[in-house]
Amino acid sequence: MELTERKRSILRAIVEIYIETAEPVGSKAIVQTSGLNISSATIRNEMSDLEEMGLLEKPHTSAGRIPSPKGYRLYVNELMEEHKLSLQETQRINDALHLKMAELDRVIDQAGRMLSQLTNYPAFALTSGTNRMSIRRYDLLLVDVHSFIAVVMTNTNVVKNKLIHIPIEVTEPQLQLLGTLLNTSFTCKTLEELTPEMNRVAEHAAGNTFGLISLVTSFAMEVLEELENRTVHTAGVTHLLEHPEYKDLSKAQRLLAYLSDEEDLAQLPIPMEGEDTKILIGPENVADELKDTSVVLASYDIGDGMKGVLGVVGPTRMDYAKVAARLSYFAEGLSRMFGKGELPPPEGTEDKGGA
């Protein structure tokens, strides 16, 4: 059966009305809201054809139709128009990106929260580490004769610190010498390169020096190991319960549990090189918990080999154009902020459909 231009227009109208209302769409609603100059009888015939083609589904309790996953896929690939962000939306995203935060994980956490607020869906942000991460700088701060704070900064500008207690007494000059040794021998080395370097220094270190070096470098290795794994931040999970698709608590509970598991979220696919966003609709998701759910993903570049992914999870009725536009702009903003210290320019075009 041929998918004529009229059928395409009716399918687009049904998807967009259903996104807006969450109610099965009948011919009368299409006549009233779509602007198509077609009779209700003709629309009903075309809807039957679209149903036979697997693009629409008919709920048992309603005479109206809803899009099928196949229908959503056709809409995303061929029918939806690019959503233009309003100046207010771009300004709101830029304000969030402009926050001066010291640590990468705090920035990513804030990104997830902001995305959830912008879309009214659960959102997550994750970073994918690189095996070329290293420590750029060590600082040692004396607290008292039996303790000091070790501060390490990575080549991706992540700063971590730890209070270290020791049984021996240490002085400020000793810490300064230790800091010089660490910054001379233990910077610009990956996790795999630190252990051989420790073995080399152990042969020449005198007295308690190697013990102190071992304490600080062990902390540095913990930091690198943590950052080389994916770190996931989720936000707005309870937004799911605001949508009629998740009124069934058993269904919602399975999805809520999935979104709370960082290991599960870290397995989601990363958009390919050159792919602004990746949209997974219902059954296209590998995880059983996402079979009735859609996921929109966008990647960003942190620099120094590190990548990140932003994602939004919601019903298949999701407004894909709007969510994809916000995700793409947010991801571009993060890439610019991490890479160049700047923000993307405002879109400059008001969203005619509203926020």
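What pLDDT does the protein chain average, and what share of the residues score at least 70?

1. The protein chain averages a pLDDT of 83, and 87% of the residues reach at least 70. Here pLDDT is the predictor's confidence in each residue, from 0 to 100. This is a predicted model, in which local features need pLDDT of at least 70, side-chain atom pairs count only at pLDDT 80 or more, and totals for chains, interfaces and linings use all residues. Residues are numbered from 1 along each chain as its sequence is written, and side-chain values use heavy atoms, with hydrogens and water left out.

2. A word of care about residues 348–355: pLDDT stays under 50 there, and the model has 19 contacts (heavy atoms within 4.5 Å) for them beyond four places in sequence.

3. Now the overall picture. The protein chain holds twelve helices and ten strands; these are DSSP runs (helices H or I, at least four residues; strands E, at least two), numbered from the N terminus. Of its 355 residues, 47% are buried, meaning under 20% relative accessible area with a 1.4 Å probe, protein chains only. Among contacts with a separation of 6 or more, 62% join residues 24 or more positions apart.

4. Buried residues in α1 include Arg8, Leu11, Ile14 and Tyr18. Their cover includes α2 (27–33), α3 (40–52) and α4 (69–79), along with strands β1 (56–57) and β2 (66–67). After α1 comes alanine 22, with a positive phi near 65°.

How values were computed. Buried means under 20% relative accessible area, exposed over 50%, partly exposed in between (1.4 Å probe, protein chains only).
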